[in-house]
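Let's take a quick tour of this one together. Have a look at the sequence and the 3D view first, then read on.

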Amino acid sequence: MARVQLVIPDADRDRFVLQARREGMTLSAWLRAAAHTRLEERQRVKPFEALGDIEEFFKMCDALEGPETEPDWEDHLRVINESRAAGATGT
């Protein structure tokens, strides 16, 4: 099992310990449970129910900031190969 060191303000630690004890848990177990709960909330995916949902999704994607077009696959490969070659000795 991995060990994780966490740096938090003393006041937060005190509040977390108090709540963990109220729930009959150790601080470690309480923090793991809180992290699992947050992951479950953030990873819930609402399925598309209608064609309009899909169209709305792609409109939202189009509105996001970023490059106007994705680079071509050949451009991606060139960048990957340049990166690999940067550390090579040439032998």
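Sorted by class, the residues lining the largest pocket come out as seven nonpolar, one polar and three charged. Keep in mind that you're looking at a predicted model. Here's the rest, topic by topic.

**Largest pocket**
- The space inside the largest pocket comes to about 420 Å³.
- Its lining includes Met 1, Ala 2, Arg 3, Val 4, Leu 6 and Ile 8, and you'll also find Arg 13, Leu 27, Ser 28, Leu 31 and Arg 32 there.
- Helix α2 gives the largest share of that lining, with four residues.

**How α1 meets α2**
- Helix α1 covers residues 10–22 and helix α2 covers residues 27–43; their axes come within 9 Å and cross at roughly 90°.
- Angles from 65 to 115 degrees count as roughly perpendicular, so that's the label for α1 and α2.
- On the α1 side, the contact is made by Phe 16, Val 17, Gln 19 and Ala 20; on the α2 side, look for Leu 27, Trp 30 and Leu 31.
- Six of these contact residues are nonpolar, one is polar and none is charged.
- Leu 27 and Leu 31 of α2 take part in this contact, and both also line the largest pocket.

**A closer look at α1**
- After α1 comes Gly 24, which has a positive phi, near 70°.

Technical notes. Residues are numbered from 1 along each chain as its sequence is written. This is a predicted model: local features need pLDDT of at least 70, side-chain atom pairs count only at pLDDT 80 or more; totals for chains, interfaces and linings use all residues. Side-chain values use heavy atoms; hydrogens and water are left out. Axes are lines fitted to C-alpha atoms, for helices over the stretch in contact, and angles run from 0 to 180 degrees between N-to-C directions. Helices (H or I, at least four residues) and strands (E, at least two) are DSSP runs, numbered from the N terminus. Angles under 35 degrees count as roughly parallel, over 145 as roughly antiparallel, 65 to 115 as roughly perpendicular and the rest as oblique. Contact means heavy atoms within 4.5 Å. Ala, Val, Leu, Ile, Met, Phe, Trp, Tyr, Cys and Pro count as nonpolar, Asp, Glu, Lys and Arg as charged, and the others, Gly among them, as polar. On a 1 Å grid over the protein atoms alone, a cavity is a set of points where a 1.4 Å probe fits but cannot get out, and a pocket is an open set with protein on both sides within 12 Å along at least five of seven lines; lining residues have an atom within 4 Å of a point. Grid points are joined across faces, edges and corners, and a volume is the space filled by probe spheres set on the points.
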